[in-house]
Amino acid sequence: MALIVIADDDTFNCDILSEMLRRMGYDNIKTFYSGKSAWEYIQEDYQNISVAILDKMMPCMGGRDIFKQMRSDSKYDHIPVIFQSADACDKHIMEDLESGIHGYVAKPFDPESLQELLDKALT
Amino acid sequence: MSIKERIYHSKIKTKLVLLTMLILGITTLLLSSSIMVYDILNFKRMLSNEITLTANITGKRALSSLLFQQPEKAERDLQELEAKSSILKACFFDQDGNFFAEYSTDEALHICPKKAPPLGERFTFQTLTIHQPILSKISTTQQGSIYVLSDLREIYDNLKRYFIVVLIIMCCVIGIGYFLALQLQKIISGPLEDLSETTRIALRKRDYSVRAKHFYNDEIGVLTNTFNQFMKAVQDGRDNLEAKVHERTADLEREKLKAEQANRAKSEFLRNMSHEFRTPLHAMKAYSSFGVDDYDTASREQLGSYFDRIALVTKRLTSLVEALLSVAQLESGKQKFVMKEQDLRKSIDQVVVEQQALINEKDIELKLDIPDKPLMVFYDDGKIVQVLVNILGNAIKFTEPGKKITLAVSGAYIGGKNRKQAYRIEIIDQGIGIPDKELKKIFDKFIQSSRTNTGAGGTGLGLAIAKKMIRGHGGRIWAENNKNGVGAKFTIIIPKKQDKLEKEVKVI
């Protein structure tokens, strides 16, 4: 079963995301309320992680910072990273996509668009 | 162009030389001609004296011939006049005035009047005639008369010589005069030429730093000085103008930069606002879709929890809209402050209770260091709560789970001379801190700490509003980084008493 790591400093949002994923049929979800704790977990259990859905902007360590760390070591290359953010600025989305992330969902987003990205990431 | 005009338009140098030559010429001419006239007159007198004398001598010599009626002898006597070449003709008349004897150099002039003409001396254009009586030695009675006709050849010869001398003198005078005038006119035209050349250069090159050379303290010297002063004034004026233009340009640049900054800040603000709206909207959308999906299968409690959450984010949205509205309101006008004496601890309690959920969620330790007695202060409850929520909220937002936040209240004073009793509220976090150069700026409208970009969101107005609110109370608020390098400290000082219990303050 695919292991999905999600991180968002907004606990409310985290709950929504995990509920959404459960409804799509993913039960193996690790939830983190800060970028730092998520990064610590990724470093430990990277072999088993199938995909990471990260909030792009979190205090101290945002999704961008985590992604940068992951790309500096090839052992994380197999983990696709999806950003979720309230930042819907086209320019910023393009920048992020060009940096090599797997996908980007801007809040408020439909479960379908997330599903699509996950399907691609997990095959 | 006529000669007159040509002279008028000629150079000063030419004019000066011409003027000198003219004066010199006229003077020499007048002088020479007056000397000449005087000399001619003198010569005439001398000639007449000489002829008269000659006539007298000849007359005396011929006295006996006259007395004894011997015309041949008288003619011989007259022949003596040959020595005087200018005498053309001479005649003797007897006592009765009848022709007696004659002498002539030219046959053609061989006509003497039969009767004696009147006595005396007569000048014509070319001749001088003298008719002189011949007196006897003893009785002084007239024995006859002598008539002499002389030409003026000698005078004209003299005149001719004179004319040549005058011509030579004039040529010399004019030559020397021209040379001297040419040299001496430089005293006048030199400074003028220099001045006029300088003005031409200044005009052509637009160079106001050139100065005319000062020669003498005459009118031209004064003109030169005046011109130089004028040029200096123009130059100074221009330099000043340039400096002013530079200054103005710099001012405009600064203003432009400010306007651009304000514009960027506003865009940033709008972007942040859109973020802030998107998150609760996302929650509403998600929970309502969960509810719709599960409508038939979920329990009442489950559906209820969705509705609760929708209600919660609705509240969050509402407060966001209110914040926006209050920003608009703050921007447009004044806020009313109503000061009531109340216990500051109550408001702090209220803030802590409001933030408790967040504190628990992040597993943050909140340490309260508040005196265990009523802290009676005159203040506007709503405004102070708003400020404390903002600052405590920031502290929570930027502090990692498991870390500590301290909220301390202590007695203090505010103001220099008329210092007043006050309370100090300190909120100390262990978060990411604030870059030193931004410590003041973060209280400006639409300015957020650069570290906020890591993702905490916010409107960029909270601290700006907080500052105005505290100022409205006559208090102070500032931020600093903790000495140990971990986290930031916000300090608020609020006076216990207020001068006015109600006032309107322009907040932003």
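This is a predicted model: local features need pLDDT of at least 70, side-chain atom pairs count only at pLDDT 80 or more; totals for chains, interfaces and linings use all residues.
**Stop 1: where the chains meet**

Start with chain A and chain B together. The contact draws 25 residues from chain B and 25 residues from chain A. Interface size is often quoted as the accessible area lost when the parts come together. Between chain B and chain A, the buried area is about 2,400 Å². Carbon and sulfur atoms give 61% of that area.

Now look for the polar links. There are three salt bridges between chain B and chain A. Five residue pairs are in polar contact between chain B and chain A, counting pairs with both residues at pLDDT 80 or more. Which helices of chain B each supply at least two residues of the side that touches chain A? Select helix H7 (219-294) and helix H8 (300-332) of chain B. The largest share comes from H7(B), with 13 residues.

**Stop 2: two bridges across the interface**

Select Asp294(B) and Arg23(A). They form a salt bridge, with the closest N and O atoms 2.2 Å apart. Glu19(A), Arg22(A), Arg23(A) and Asp294(B) are linked in a network of salt bridges.

Next, pick Lys285(B) and Asp110(A). Their side chains meet in a salt bridge, 2.8 Å from N to O. This pair crosses between chains. Lys285(B) sits in helix H7 of chain B. Asp110(A) sits in the loop between strand E5 (103-106) and helix H5 (111-121) of chain A. How accessible are the two partners? Lys285(B) is partly exposed, at 33% relative accessibility. Asp110(A) is partly exposed too, with a relative accessible area of 35%.

**Stop 3: a cis bond in chain A**

Stay in the loop between E5 and H5 of chain A, where Pro108(A) lies. Select Lys107(A) and Pro108(A). A cis peptide bond joins them, with omega at about -10 degrees. For context, most peptide bonds are trans.

**Stop 4**

Over all chains, the structure holds 22 salt bridges. For one within chain A, select Lys56(A) and Asp87(A). Their side chains meet at 2.9 Å, N to O. Lys56(A) is in the loop between strand E3 (49-55) and helix H3 (63-71) of chain A. Asp87(A) is in the loop between strand E4 (81-85) and helix H4 (90-98) of chain A. The pair links distant parts of the chain, 31 residues apart.

Are Lys56(A) and Asp87(A) buried or exposed? Buried means under 20% relative accessible area. Lys56(A) is at 2%, so Lys56(A) counts as buried. Asp87(A) is at 3%, so Asp87(A) is buried as well.

**Stop 4: a pair within chain B**

Move to chain B and select Lys84(B) and Glu50(B). Their side chains meet in a salt bridge, 1.5 Å from N to O. Lys84(B) lies in the loop between helix H4 (71-79) and strand E1 (87-94) of chain B, and Glu50(B) lies in helix H2 (residues 12-61), so the bridge ties together parts 34 residues apart in sequence. Lys84(B) is buried, with a relative accessible area of 18%. Glu50(B) is partly exposed, at 33%.

**Stop 5**

Most residues other than glycine have a negative phi. Gln69(B) is in the loop between helix H3 (63-67) and H4 of chain B. At 52% relative accessibility, Gln69(B) counts as exposed.

Then select Arg206(B). Its phi is also positive, about 55 degrees, and Arg206(B) is not a glycine. Arg206(B) lies in the loop between H6 and H7 of chain B.

**Stop 6: a nonpolar patch on chain B**

Select Ile12(B), Ile176(B), Phe179(B), Leu180(B), Leu184(B), Ile187(B), Ile188(B), Phe215(B) and Tyr216(B). Together they make a nonpolar surface patch of about 830 Å². Helix H5 (153-184) and helix H6 (186-205) of chain B each give two or more residues to the patch. Which helix gives the most? H5(B) does, with four residues. Zoom in on Ile176(B), which is in helix H5 of chain B. Ile176(B) counts as exposed, at 52% relative accessibility.

Technical notes
Residues are numbered from 1 along each chain as its sequence is written. Chains are lettered from A and ligands numbered from 1 in the order in which they are written. Side-chain values use heavy atoms; hydrogens and water are left out. Patches are made of residues with over 30% relative accessible area and no salt bridge: like charges are joined within 9 Å, nonpolar side chains (Val, Leu, Ile, Met, Phe, Trp, Tyr) within 5 Å. Accessible areas come from the Shrake-Rupley method with a 1.4 Å probe; for residues, only the protein chains shown count as cover. A salt bridge is a side-chain nitrogen of Lys or Arg within 4 Å of a carboxyl oxygen of Asp or Glu. Buried means under 20% relative accessible area, exposed over 50%, partly exposed in between (1.4 Å probe, protein chains only). Contact means heavy atoms within 4.5 Å. Buried area is the accessible area (1.4 Å probe) that two parts lose on being put together, summed over both. A polar contact is a pair of N or O atoms within 3.5 Å; within protein, one must be able to donate a hydrogen and the other to accept it, and residues adjacent in sequence count only if both atoms are side-chain atoms.
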